[in-house]
Amino acid sequence: MKKVIILGASDGLGKAIASLCKSEKIEVINVSRTACDISGVINIACDLSTEKDIDNTINLIKEKHSDFDAIINCAAIVAMEKINKITYSKFEKAFKINTIAPLYFLSSLFDNIVKNEADILNIGTTADLKAGFNDQLAYTSTKYGLRGGSYNLGLELAKTKSRMIYVHCGGMNTQMHEKDYGKKIEDPTEWMNPSDVASIVLYLLRLPKQVEITEITISRKGRRLV
Ligand SMILES: NC(=O)c1ccc[n+]([C@@H]2O[C@H](COP(=O)([O-])OP(=O)(O)OC[C@H]3O[C@@H](n4cnc5c(N)ncnc54)[C@H](OP(=O)(O)O)[C@@H]3O)[C@@H](O)[C@H]2O)c1
């Protein structure tokens with residue numbers, strides 16, 4: 001693997017994956033609003049809630065970075081809100097960033113993905129297996145949507161050399177909740193370190209091409225779903 005595109009590598013898990021890639025001499029193209037401050041990462045400024053920004057980014061990738069080996073989607077907002085307070089615009093924003101943007105992005109680059117025999121890895125949540133917390137109506141719905149779309153992409157890729165990997169990811173110690181909600185939703189001391197999840201992500205992408213892990217759950221100890 002020589003070149004990866006990461007949606008959302010300016011922070012959190014995406015940044016941890018970018019850091020690991022750079023330490024292993026893998027080129028990283030980051031797509032997010034703010035730049036990833038890791039030396040050597042190529043940044044494309046893009047607001048994933050904006051169609052024009054996404055189209056410009058897709059064109060730039062086709063023009064200058066079409067030789068990618070994987071696309072990893074980490075970008076999301078948690079959009080926490082009390083069930084009886086959620087606004088239409090908050091719902092819409094969450095669906096744009098968490099569901100429509102990555103699925104549209106991947107479908108627009110579908111021909112390049114197939115040509116490159118590149119892999120796709122979408123980061124979901126354990127909440128798209130079973131609702132996990134209150135106040136996550138929008139978040140849970142968007143990630144179920146991402147999961148559904150990922151199955152379709154996987155089906156379209158079934159007869160190609162490309163793989164679609166979907167990760168149900170559990171709680172990680174990042175700033176995601178504070179940025180959106182002002183606080184963590186519970187004590188994060190036992191939440192996973194994003195760098196540990198990043199190592200698993202790279203492991204999955206490096207499995208021999210005849211091995212396909214279509215879906216995997218990585219959760220913190222003690223949060224078994226069954
Ligand atoms: N943290 C957890 O406990 C947890 C649990 C389960 C699943 N996950 C999933 O893991 C993934 C990574 O989460 P994280 O905790 O690493 O989150 P994070 O630290 O908040 O990082 C989110 C990334 O998404 C990007 N992003 C957000 N809004 C964007 C927009 N409008 N346009 C472009 N990029 C945007 C951010 O970049 P900019 O702000 O620079 O645009 C940032 O790089 C997400 O898919 C999340 O749903 C997280």
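Visitor: What should I know about the model before I start?

Guide: It is predicted, so local features need pLDDT of at least 70 and side-chain atom pairs count only at pLDDT 80 or more, while totals for chains, interfaces and linings use all residues. Residues are numbered from 1 along each chain as its sequence is written, and side-chain values use heavy atoms, leaving out hydrogens and water.

Visitor: How do I read a pair of packed helices, and at what angle do helix 1 and helix 7 cross?

Guide: Two packed helices are described by the angle between their axes and the distance between the axes. Helices (H or I, at least four residues) and strands (E, at least two) are DSSP runs, numbered from the N terminus. Axes are lines fitted to C-alpha atoms, for helices over the stretch in contact, with angles from 0 to 180 degrees between N-to-C directions. Here, helix 1 (residues 12-23) and helix 7 (residues 194-206) cross at roughly 60°, and their axes come within 8 Å. The two are therefore oblique to each other; angles under 35 degrees count as roughly parallel, over 145 as roughly antiparallel, 65 to 115 as roughly perpendicular and the rest as oblique.

Visitor: Which residues of helix 1 meet helix 7?

Guide: Contact means heavy atoms within 4.5 Å. On the helix 1 side they are G12, L13, A16, I17, L20 and C21, and their partners in helix 7 include P194, A198 and V201. By class, this contact has 10 nonpolar, three polar and no charged residues. Ala, Val, Leu, Ile, Met, Phe, Trp, Tyr, Cys and Pro count as nonpolar, Asp, Glu, Lys and Arg as charged, and the others, Gly among them, as polar.

Visitor: How do helix 3 and helix 5 pack?

Guide: Helix 3 (residues 88-108) and helix 5 (residues 137-157) have axes 9 Å apart, at an angle of about 15°. That makes helix 3 roughly parallel to helix 5. Among the residues making the contact are F91, F95 and L103 of helix 3 and Y139, L146 and L153 of helix 5. The contact divides into 11 nonpolar, seven polar and no charged residues.

Visitor: What about helix 2 and helix 3?

Guide: Helix 2 (residues 51-64) packs on helix 3 at about 30°, with the axes 10 Å apart. Their contact includes D55 and K62 of helix 2 and Y104 and F105 of helix 3. Its classes are six nonpolar, two polar and two charged residues.

Visitor: How do I read a nonpolar core, and which residues touch the most other members in the largest one?

Guide: In soluble globular proteins, nonpolar side chains tend to be buried together. A nonpolar core is a set of buried Ala, Val, Leu, Ile, Met, Phe, Trp, Tyr and Cys residues joined through side-chain atoms within 4.5 Å. In the largest core, of 31 residues, they are I6, I17 and L121. Helix 7 gives this core its largest share, six residues. Leaving aside neighbours within four places in sequence, I17 is in contact with I6, I72, C74, A198 and V201.

Key
Buried means under 20% relative accessible area, exposed over 50%, partly exposed in between (1.4 Å probe, protein chains only).
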